[in-house]
Amino acid sequence: MRANAMKRSLHYNRLLDAPSQPKSSSLATLSVRDTLNILINSAETKNIQLGKIIHAYIITSNPFSSYQVIENNALLNLYAKCGQLSLVQSLFDSMHKRNVVSWCSLMSAYFHNGYVSKVLELFMEVFRVDDVRPNKYVLSVVLSCCSEGRRVVEGLQCHGYVLKSGLEFHQYVKNGLLRMYLMCSLVGDAMKVLDYVPGSDAFTYNSVLKGLLDYGYINRALVVLRRMMDECLEWDNVTYVSVFGICAKSGDLKLGMQVHGRLVESGVEIDLFLGSAMIDMYGKCGQLSTAREIFEALNDQNVVSWTALLAAYLQNESFEETLELFLEMEVRGVVPNEYTYAVLLNSCAGLSALGCGNSLHAQVQKMGYTDHVIVGIALINMYSKSGHIEAASIVFANMIHRDSITWNSMISAYAHHGHGKEALNLFYNMLALEEKPNSITFVGVLSACGHLGLVDEGFYYLYKLMRDKGIEPELEHYTCILALLCNAGRLEEAENFMRTTKTNWDIVAWRTLLNACYVHRNYTLGKRVAESVLQMNPDDVGTFVLLSNMHAKAKRWDGIVKIRKLMRERNIKKEPGMSWTQIRTSTHIFVSDDNMHPDTAEIHEKIRDLLAEIKPLGYTPDISCALHDVDEEQKESSLRYHSEKLAIAYALLKTPPGAPIHVIKNLRMCDDCHSAVKLIAKVTKRVIVVRDINRFHSFRDGYCSCADYW
DNA sequence: ATAGGGTTAG
């Protein structure tokens, strides 16, 4: 078929180029069949020049020929294929005679150029034309428009017409109906079409699989897949894309590998769509190297396959590698799109790399991607995780389109930063704008209540508002309530809440209670809770550290010795304290009690000056935070060289007055550093943001955003 | 002469 078209093409090109044969004379002899063949072929090769020549020929040939409508229809199709919408419309307008094919071609042209409403208008108009009735071809196009435009009312009307005219048994029409229901979120109706209209092909099943996958109905998708196999329908590359999507979403590597095996045996070609889906699946199932192999094996790579690979690195927390890989992508001349930037910004968020995030933000603006929802969310996430909550809120305020995930991101960002009031305000705005909150919204809301000490409100949201909104509280919500009680110092109630609430409390919840026991100095309960945690995980480092700190606060040095012995026996090592900060483009890492940094002498001097400056304001070293295995004299000096103090002193030395300072720390910030940094922020008139293992501390003028609870 | 399904983000 294709070979014949090629032959025809060569023949006519030669015909037109031949100098000895005047073009007009050779064209004048064309039969209707020849004309149509040229037009079909030109449409395939998008040869608009040749099409225009034929157009002229048709005009000058017999205008009253009954074949002219067919020739013009073919020409409509050619112009449509070449994206010349205005030529399609003017030719259609000029046609003396039109039939249903003319209308269908016109509608199809508008559909493929995104004019959904225009197609629906034309569909109404066609009913007013005598002797033209919409056929299965027209319904296919119109149903596609209803799908793309989520036009549920028109879609239902189409279904009515389909039933009345008996078109529902046409395969394309059935599939069109099915897809219309899926795209309009009427999954039940789509399944009815599948079940009650006889005859399904691979397209039918592919649409259903994709739809169920999009709505997260993984098990139902697997049932449908089983049915497709029972009907012995061949899987094509589109089927494989959906099936790998199912594996990716459910994280089912075993199934993924089985499907991969089937694919290899089937001989179905791995095109870019399928390749990207496979990279995505292996990435989401934690198989980074296999994802990479699939990528390398692709014949060519485009922005989507690149982004799928970058996303795989991001999802496996290889943030730096993601950013490095992006450089390679740029070298290869692949232009990033909004998805790529979302992945990159989230990698920066993972690293708290504000500098890199800032330059990506500039690129995003230059490329014109700022108004994409996913980019906005990624920017909010990046700024928030880099400690720049103000910048995050500016991005949010400037967004044109916001969906519920956008609202959730901003509410959670405020909550993480201890800005409870802002988080709750946003939540009320969200409700006022009738944006539907979901389970994640309430995690943010409940943790905001925790920061504000709003115990009663927290319980009201948990037991009343969530149920009103049809959301069942889950472990995460209960943990928020637990933290709320802990934060308010109501530890007995917290313990009681854990006992009486039926949920599978995890180690995170127990650690929350344990941390509260430490902060509120309730050591009796603390010991009990620590035992519970260690029952769940005998090697939980955080628990040993907290227990040890508790004993230090109570000056129970013998207790500390016991804990250290236990840790040695179990071969548990406390991670060394590390902090890092970015100065211009380079990241400086500081390790507690370590002189590795070349500017150590200068840094130590700066710390001595700062401590001398804040002493008159009430700073006294908190010996309980010092190393336990050194003598008393050394304890006070060891405090000075905690990694966050080193990093902050260095940043103060290397940044201009008034510039905010951002430090990331791998452990929980200690009490001594916390009270010192509050005062350092005051005397240096700087905003100092420290991201520790649990949350953000924004120090400003002698106060911290965590309100001294962390 | 006119019609259909798919990849990357949160």
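User: Where is Asp708 placed?

Analyst: In this predicted model, local features need pLDDT of at least 70 and side-chain atom pairs count only at pLDDT 80 or more, while totals for chains, interfaces and linings use all residues. Residues are numbered from 1 along each chain as its sequence is written, chains are lettered from A and ligands numbered from 1 in the order in which they are written, and side-chain values use heavy atoms, with hydrogens and water left out. Strands are DSSP runs of E with at least two residues, helices runs of H or I with at least four, both numbered from the N terminus. Asp708 lies in the segment after β6 (703–704).

User: Is Asp708 buried, partly exposed or exposed?

Analyst: Buried means under 20% relative accessible area, exposed over 50%, and partly exposed in between, with a 1.4 Å probe and protein chains only. The relative accessible area of Asp708 is 39%. Asp708 is therefore partly exposed.

User: What is phi of Asp708?

Analyst: Most residues other than glycine have a negative phi. Asp708 has a positive value, and its phi is near 65°.

User: Which residues does Lys678 contact, leaving aside its neighbours within four places in sequence?

Analyst: Lys678 sits in helix α38 (residues 671–684). Its relative accessible area is 15%, so Lys678 is buried. Contact means heavy atoms within 4.5 Å. The partners of Lys678 are Phe699, Gly702, Tyr703, Cys704 and Asp708.

User: How many residues are in the second, separate core?

Analyst: A nonpolar core is a set of buried Ala, Val, Leu, Ile, Met, Phe, Trp, Tyr and Cys residues joined through side-chain atoms within 4.5 Å. The largest such core has 186 residues, and Val142, Phe244 and Met410 have the most contacts inside it. The second core is separate and includes Leu646, Ala647, Phe699 and Cys704. Its residue count is 35.

User: Are α15 and α17 roughly parallel or roughly antiparallel?

Analyst: Axes are lines fitted to C-alpha atoms, for helices over the stretch in contact, and angles run from 0 to 180 degrees between N-to-C directions. Angles under 35 degrees count as roughly parallel, over 145 as roughly antiparallel, 65 to 115 as roughly perpendicular and the rest as oblique. The axes of α15 (residues 237–250) and α17 (residues 272–284) come within 9 Å and cross at roughly 15°. The two helices are therefore roughly parallel.

User: At what angle do α7 and α8 pack?

Analyst: α7 covers residues 100–112 and α8 residues 116–126. Their axes are 9 Å apart. The pair is roughly antiparallel, and the packing angle is about 165°.

User: What separates the C-alpha atoms of Val533 and Met466?

Analyst: Val533 is in helix α32 (residues 523–536). Val533 is buried, with a relative accessible area of 0%. Val533 and Met466 are 67 residues apart along the chain, and their C-alpha atoms are separated by 30 Å.
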